[in-house]
Amino acid sequence: MKVLVTGATSMIGRLVVERLVARGDVVTVLQRSTADLGVREINGSVTDHEIVASAVAEQDGVIHLAAKVDIVGDWDDFVSINVEGTTTLLAAARDAGVSRFVYVSSPSVAHGGESLIGAGAEPADPDSTSGHYATSKAMAEQLALAASSEYMPVVAIRPHLVIGVGDTQLVERVVDRATQGRLPLIGSGLALVDTTWADNAADALVAALDKAPELGGEALVVSNGEPRTVHELFARLTAAAGVDWSPRSVPRAVAIAGGSVVEQVWDRTSREDEPPMTAFSAEQLSTAHWFDQSRTREALDWQPVVSLAEGFERLAAHYESQP
Amino acid sequence: MVALGPTEPARLPPSGLDGLDPSWSRLVPVELDGTTRTFHILDTAPDVDAELTVLCVHGNPSWSYLWRNVLRQLPDGVRGIAIDHLDMGFSDRTGTTRRLGDRVDDLCALTETLGITGPVVTIAHDWGGPISLGWAQRHLPQLRGVILCNTAVHQPEDAPAPRIIRATRSRGAIRRATVDTTAFITGAFEMSHPRTPKHIRKGFLAPYRKKEWREAIEVFVRDIPLEDTHPSGPVLDGVAAGLALMQRVPTLLLWGSKDPVFSDLYLHDFEERIPHADVHRWAHAGHFVSEDAPVAEVAVDWIQNLDAERPDETAGNTEPTTLLNAITDPERAKLVALREMSGEQPSITFGELSRRIDDTARGLRGCGIEPGDRVAIMIPPGIDMITTLFACWRMGAAVVLVDGALTPKQMTAALKAAYPKHLIGIPKALAAATALRWPGRRIAAGSMSRIQRRLVGAEHDLDTLRTSGAHHDLELPAGTDEAAVVFTSGSTGPSKGVRYTHEKLAAQRDLIADLYDITSADSLVAAFAPFAIYGPLLGITSTVPDIDVSAPGSIDANTLADAVSAIDATMVFASPAALERLVTTEPDIDPSHRTALSNVRILLSAGAPVRASLLTATGAVFPNAVAHTPYGMTEALPVASISLPELIDAGSGDGVCVGKPIDGVEVLIDDGEIVVRAAHQRVGYDRLWHTTHLASQPAGWHRTGDVGHLDAEGRLWVNGRVQHLIHAESGPIGPVALEKRVEDLDGVRMAAVVGIGPVGNQRVVVVIERDEPVAKPALADLAMIDRVRSVSDTDVVAVFDVPKLPVDRRHNSKIDRSALAEWADAALAGGSLGKL
């Protein structure tokens with residue numbers, strides 16, 4: 001199969017390309033900077049119609065990972081990359097006769113700050129999301145699934161909190177903050193949270209590409225199916241990185257309120273780096289978020305191969321090998 | 001009908017009343033005596049050609065809002081209509097005085113206008129009861145069923161009218177309570193348990209906010225025929241008499257027992273008038289039973305079950321009971337039946353026992369106990385106890401037996417539920433009956449002077465009754481007659497009365513005789529009070545050791561050996577707690593008892609699971625006995641039985657091995673739950689129709705509430721209780737197997753395994769009590785979490801340390817997993833680690 005992967009420089013992107021190449025698919029990658037993955041490469045933005053058109057030409061399938069995933073930033077940038085980028089790609093893919101399309105989404109498209117306990121994949125709802133990222137991804141998912149057709153079935157895959165070796169999103173942030181002594185637990189730290197080991201997420205995306213013809217229009221949450229308390233997650237991640245960490249607790253209400261203030265200040269001062277905590281992450285880390293995986297596993301005929309225990313071992317080995 | 005008050009047209013309820021669907025509300029004009037009166041009703045399916053209509057009739061002070069939950073839960077194809085009486089709810093304020101007879105007429109005219117011609121089930125509460133029955137008696141051909149909640153048709157002769165009604169009816173008070181203020185309405189809700197939430201009370205008050213809307217509340221109270229000359233008296237009497245016409249109509253009585261108005265007294269009045277009625281009684285619920293208890297759910301289940309084949313308790317064996325056969329067997333006449341170990345160690349032969357039972361039975365008949373009456377027996381095991389028990393059965397009375405291990409509060413609840421007409425007890429029991437106001441006319445066990453009897457409120461004593469020479473013909477009851485209502489200690493919730501007929505008890509006797517090859521050559525020491533009855537039932541010599549029966553664990557080896565020697569026992573039935581003591585006091589046994597102990601061939605341990613090591617250790621006491629542990633429950637005992645060698649052979653597995661099901665007992669595993677069917681299983685739970693219904697699925701079976709499986713060799717394994725099952729995606733998981741494995745880890749004293757999250761996708765949480773207790777609950781360290789996960793087949797999402805696991809007080813070893821699950825669920829949802 002000829003497959004276009006966008007956003008291939010990300011941790012999952014690389015793992016997806018590895019898997020496709022390994023099984024003999026002909027892969028093209030599209031991202032802004034050079035990826036150096038040993039496959040056909042097109043550099044540019046998903047919002048650039050010409051580049052996108054050339055990227056999708058003669059492809060059988062698309063796995064669309066490219067997105068702006070920052071916690072803060074301008075709403076216009078989120079709309080441009082996450083919403084317009086997706087619609088551009090969808091239209092181009094349809095015109096090019098692409099026969100399957102996997103949109104990589106996020107469980108945050110379907111809910112705000114409430115606890116999710118054994119939840120399924122509810123429909124994306126931009127009105128209930130919190131944060132620019134989730135709202136723009138929700139809009140894009142709605143558009144993507146609406147574009148699903150007999151000729152080009154579209155599947156949305158929502159991996160929850162992806163972690164893995166080389167992850168800059170969650171692992172690095174947690175470890176950095178622990179090193180700096182500013183990794184508190186929000187509330188009791190006992191909220192159960194699902195995570196997804198990156199290799200399993202990549203497997204799921206490849207499975208979604210294969211199963212797309214049967215699943216057009218469906219959204220599926222992907223996780224390792226091993227929810228853990230935030231406390232344990234932090235303890236495992238810092239232990240793997242060899243960082244001493246002892247939990248200190250911040251009351252939940254204080255953290256959420258503090259997070260929103262910080263977000264607003266950051267917005268106003270147009271700082272480019274990340275605030276220490278956002279209302280979104282405060283909520284994420286103090287309410288339960290774990291999912292019913294039965295439909296996902298059945299639909300994708302997929303199982304996580306790497307358990308969290310094994311994942312943490314791999315992570316520890318990785319940090320040990322670092323100078 | 002005299003015009004008396006303001007008039008106002010019917011209207012629709014305001015929007016936003018909790019639980020009320022605005023689309024149900026209709027205003028229905030009805031021609032009544034040449035005048036048009038408009039009713040407000042709730043109607044769930046006005047346009048549907050319904051298979052069945054449920055007609056809901058409220059009482060005073062209330063309105064159709066009372067039935068909102070019933071209406072919401074009705075199945076498709078069933079139309080629900082809840083009416084507001086005229087002058088009540090949102091119906092017309094007519095300015096007239098409407099009495100019981102008028103209200104029955106009103107209801108008939110309303111259903112005629114609505115064109116309700118198909119089958120109808122009525123459901124009514126409070127004074128809606130007689131109104132609905134009045135309607136029912138005029139519509140017998142279309143009447144499919146009747147449900148009555150906390151109501152009455154008759155003031156029992158020997159009881160005064162409810163104090164609260166008399167107080168309200170007193171001059172001056174009535175208007176102030178009913179019309180001038182909302183006291184009567186709010187007061188009614190003060191009687192609910194737990195307190196009705198504010199938003200619901202607001203719903204009930206909605207049509208009565210203005211004084212002129214409340215006139216009818218007074219009229220209704222005035223219409224209660226307390227006086228002989230009351231104009232509504234004959235109408236109510238007519239309704240009561242009309243119940244005789246309804247003996248074929250399925251009837252369900254739903255009762256909240258904490259109702260100061262319609263107390264259990266009125267429930268029992270209905271039970272006598274409608275003996276075939278199904279009954280479900282909630283001990284905790286008050287007057288507004290539908291607010292305090294799941295009336296809607298039970299009513300809907302009952303309605304849906306109307307067409308199902310209903311178990312007919314009178315079917316089957318109508319032959320006389322065989323329970324007394326062994327006792328009256330002439331061949332055993334000279335065999336010692338019972339020996340007492342206390343005092344002068346009196347004994348009695350079967351022949352003497354049989355005569356004594358007959359004499360006592362005649363005495364009981366002579367003092368007014370009728371066949372079918374319930375008699376509570378509170379006498380410790382011994383000749384008096386056995387005589388009284390069998391005398392009751394001999395003359396056709398049913399016995400109420402309450403486990404001595406229940407707390408006084410639980411005993412009171414049990415006796416109030418079973419409501420025996422008579423109570424025969426030792427002085428201590430009679431004194432408790434006086435202090436705790438237990439129901440039943442009291443009779444003293446043994447002999448008692450008149451002065452003593454007066455002190456404990458006993459009318460008679462057994463010795464006098466037995467020797468009175470009363471000449472009553474005794475007739476054996478049928479095998480299908482009620483023989484016993486048994487209350488055993490439940491580890492959770494209130495004790496339920498388990499009903500047995502004669503034939504069920506006889507089947508149990510035969511099963512036990514077969515199972516352990518018991519013949520008249522055997523003799524039994526019952527070191528566990530409930531077993532004392534089996535010797536006489538089986539027709540073998542038996543005794544009870546000289547111990548405090550309420551503390552079976554207090555027995556020592558010598559006391560037991562005394563009993564074994566006294567009757568040359570071949571069988572010993574004991575509780576696990578007693579076995580524990582036996583083993584530790586074994587060295588003290590007098591050498592003279594050793595021969596007798598070596599003749600015991602069967603040691604039976606029942607009541608709770610026993611470790612193989614404990615059973616093995618009993619070999620020092622009984623060198624030639626085979627230890628057996630039966631598995632079963634009050635509702636069906638035994639279901640299975642396992643000997644010590646079989647238990648050792650089974651080894652460790654998923655739960656506790658309890659052996660193969662006994663011949664004649666069918667076992668199936670349904671959704672992980674052990675479900676059994678046998679000739680000796682209970683008939684049902686007393687006055688708990690819904691509990692019985694739920695526990696009898698599939699029909700005729702008994703759901704044990706235990707989780708388990710059958711292995712390849714057909715052996716049954718028990719793995720915890722259903723309410724403790726973890727409903728994972730892969731299917732139900734019992735907690736016991738993993739608990740046992742975690743408890744084997746170093747440093748762990750006790751472990752509990754509970755599930756959190758939604759049913760069907762629950763996750764496993766382990767809670768640990770360490771050998772070195774932690775100071776406060778916390779997430780366990782990573783090393784412990786890893787060790788726990790290493791012994792678990794399923795993912796363990798969290799492991800907690802707690803200072804002490806909550807255990808059930810009485811058993812002191814049963815972990816309260818439900819409480820733990822709730823606690824863990826709240827914490828893992830993002831809350832804090834609360835108190836345990």
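Predicted model: local features only at pLDDT ≥ 70, side-chain atom pairs only at ≥ 80, totals over all residues.
## Strands that pair

Two strands count as paired if DSSP finds at least two bridges between them. Strand β3 (residues 52-57) of chain B and strand β5 (residues 120-125) of chain B are joined by five bridges and run in the parallel sense. Within this pair, Thr53(B) sits opposite Val120(B) of β5(B).

Which strands make up the sheet around this pair, and in what order? The order is β1-β2-β4-β3-β5-β6-β7-β8 (chain B), an open sheet of eight strands with mixed pairing. β1 (25-32) and β8 (278-282) of chain B stand at the edges, and each has a single partner strand, so one side of each lacks a neighbour in the sheet. On average, neighbouring strands here are turned by 20 degrees against each other, direction ignored.

## Helices lying on the sheet

Helix α3(B) lies across β3, β5 and β6 (143-149) of chain B, and runs at about 160 degrees to β5(B). Helix α12 (residues 295-304) of chain B also packs on the sheet, where it touches β3, β5, β6, β7 (251-256) and β8 of chain B. The direction of α12(B) makes about 170 degrees with that of β7(B).

## Where α2 meets α3 in chain B

Two packed helices are described by the angle between their axes and the distance between the axes. For helix α2 (residues 100-114) of chain B and helix α3 (residues 128-138) of chain B, the axes come within 9 Å and cross at roughly 55 degrees. That angle is why α2(B) is called oblique to α3(B). The crossing of α2(B) and α3(B) is right-handed.

Which residues make this contact? From α2(B) come Leu100(B), Arg103(B), Val104(B), Asp105(B), Leu107(B), Cys108(B) and Thr111(B). From α3(B) come Pro130(B), Ile131(B), Ser132(B), Gly134(B), Trp135(B) and Arg138(B). Sorted by class, the contact of α2(B) with α3(B) holds seven nonpolar, three polar and three charged residues.

## The loop from α2 to β5 in chain B

Gly118(B) is placed in the loop between α2 and β5 of chain B. Is Gly118(B) buried or partly exposed? Its relative accessibility is 28%, so Gly118(B) counts as partly exposed. Gln142(B) is 24 residues away from Gly118(B) along the chain, while 6.1 Å separates their C-alpha atoms.

## A covered strand: β11 of chain B

Strand β11 (residues 374-378) of chain B is mostly covered, with five of its five residues buried. In a regular strand the side chains alternate between the two faces of the sheet. Here, Arg374(B), Ala376(B) and Met378(B) point one way from β11(B), whereas Val375(B) and Ile377(B) point the other way, and all are buried.

The partner strand is β12 (residues 398-402) of chain B, which runs parallel to β11(B) and is joined to it by three bridges. In β12(B), Ala398(B) is the bridge partner of Arg374(B).

## Helix α5 of chain A

Over in chain A, helix α5 (residues 171-179) has these buried residues: Val171(A), Arg173(A), Val174(A), Val175(A), Arg177(A) and Ala178(A). Their cover includes β8 (162-163), α7 (230-241) and α11 (308-321) of chain A. Just after α5(A), Gly181(A) takes a positive phi of about 75 degrees.

## Backbone details worth a look

Most residues other than glycine have a negative phi, and most peptide bonds are trans. Where does the model depart from this? Asp301(A), a residue other than glycine, has a positive phi near 50 degrees. Asp301(A) sits in the loop between α10 (294-300) and α11 of chain A, and is exposed, with a relative accessible area of 62%. In chain B, Tyr419(B) is not a glycine either, and has a positive phi of about 50 degrees. The loop between α16 (408-418) and β13 (422-425) of chain B holds Tyr419(B), which counts as partly exposed at 33% relative accessibility.

Turning to peptide bonds, the one joining Asn60(B) and Pro61(B) is cis, with omega about 0 degrees. Pro61(B) belongs to the loop between β3 and α1 (68-73) of chain B. The bond from Gln697(B) to Pro698(B) is cis too, with omega near -5 degrees. Pro698(B) is found in the loop between α27 (689-695) and β28 (702-710) of chain B.

Methods. Residues numbered from 1 in each chain as written. Chains lettered and ligands numbered in written order. Heavy atoms only, no water. Axes fitted to C-alpha atoms, helices over the stretch in contact; angles between N-to-C directions. Helix = DSSP H or I, 4+ residues; strand = E, 2+ residues; numbered from the N terminus. Parallel < 35°, antiparallel > 145°, perpendicular 65-115°, else oblique. Left-handed = near helix turned anticlockwise from the far one by under 90°. Contact = heavy atoms within 4.5 Å. Nonpolar A, V, L, I, M, F, W, Y, C, P; charged D, E, K, R; others polar. Buried < 20%, exposed > 50% of the residue type's maximum accessible area, 1.4 Å probe, protein only.
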